[in-house]
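Biologist: I am new to this structure. Please pick a single part and take me through it closely.

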Amino acid sequence: MERSFPVISGDSHLEIDSQNWIDRVPERYRDRAPRLLHLPDGTDAWLVEGTPLRRNSGDLYGGKGRDKWHPGGQSYLETPGTGPASQRVKEQDQDGVSAEVLFPGQQAGPRLWRCIADDDAYKAVVQAYNSWLAEDYCSEVPERLIGLGVLPWTGVDDCIAEMERCAKLGLKAVVLGVFPSGRGYPTPADDEFWAAAVDMQIPVTVHVQFDRSGPRGGKLFDYPKQSEFGRGDGGIVGQVGNDKFCRLGGVNAVQLLFSGLFDRFPTLRIDFAENQSGWLAHFYEQADERYERHWPWAEPHLGIQHLERIPSEYLREHCLWGFQGDRVGVENRYHVGVDRLIWASDFPHQESNWPESMKQIDRIFAGVPEEETYRMVCGNAVEFFQLQDCVPVWEAASEGTRA
């Protein structure tokens, strides 16, 4: 089906061998940087301190074909989507996609990097990747390769410093892997980061959810009053973000709204990528329902003040959600907001349909008004990631292809 507008992926991944950027790590830390090993059986694995050798799992798909691919033992050389920038642009053309928002790799990205025990060595790895991303990779075709800067998981000051550096490098947005303080719940100290992001007008994304593993596990919220009712299921935050109907980034969104973040920063918007969207309508309804049931006891026992608005109003205004092949989510779009949903290909991961993403789009948006389809496959990402200057380039390329 021919479209009158560009299609961009709001969440793709840059699965790349660290040999591309490891020389940017200062020599005193370079031996601690992650390395890709080519094993005798033809597969690849990642070596980084603090964790066993990690064989590449199922996310290295790259359109190999469901009859050929299996979840494990994959290699970079045999996987589309893991090569240089010039190759990536050709792969976009094959898929009918005008641009991709490039999150870091999940095979060997921010979570694996944080296994590096020394904070300075870890931050050097983050900085090396970001510099390479901006100066060597995305710079080849910046209108089509929209790289996201990675923020370190070592506290508010480090987050702000690297966000400022990413902006100077020309990266259009950043991805936050944990709460800015590095804890598993929001803290007052986080406000310094959010204030900086708002002042800089730099988009902040969360890929799926904040990492709450290891030292970040435990309680969901630091309530004003300590009470037995705040433990176990997480108090009112755990009730409103209950996993019976709330999943992945939804829990983080509930944590943030109860912290008062969206009242203090009314212009803040956060993109929760790769959450799918079919569950959101039910989540929004149940969040309001359970809030009304539980806030009367939460106020005296936990010190939580009555929210200025019901949870769904905060969620609709401040949260965007990424999805792939989610026809149910598209059908329920009015409950969430057509302007709050961002389609993604997830290339080269196993959820992608490359090089046939257009077939997926035709299927999940069948019968949807063109203007609404445009919002979800292009317009919302353009507005959130501030890609307005890229649109003429995409449109010109589309005209040339049709000619």
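Modeller: Helices (H or I, at least four residues) and strands (E, at least two) are DSSP runs, numbered from the N terminus. The model is predicted, so local features need pLDDT of at least 70 and side-chain atom pairs count only at pLDDT 80 or more, while totals for chains, interfaces and linings use all residues. Residues are numbered from 1 along each chain as its sequence is written, and side-chain values use heavy atoms, with hydrogens and water left out.

The part I would pick is helix H10, residues 280-302. Its end C-alpha atoms span only 27 Å, whereas a straight helix of 23 residues would span 33 Å; the expected span is 1.5 Å times one less than the number of residues. H10 bends by about 50° at His294, the bend being the angle between axes fitted to the seven residues ending there and the seven starting there. Just after H10, Gly303 has a positive phi of about 80°.

His294 is also among the buried residues of H10, which include Phe283, Tyr284, Asp288 and Arg290. Buried means under 20% relative accessible area, exposed over 50% and partly exposed in between (1.4 Å probe, protein chains only). The buried residues of H10 pack against helices H7, H8, H11 and H13 and strands E10 and E11, where contact means heavy atoms within 4.5 Å.

For contrast, Asp157 in helix H5 (residues 156-169) counts as exposed because its relative accessibility is 56%.
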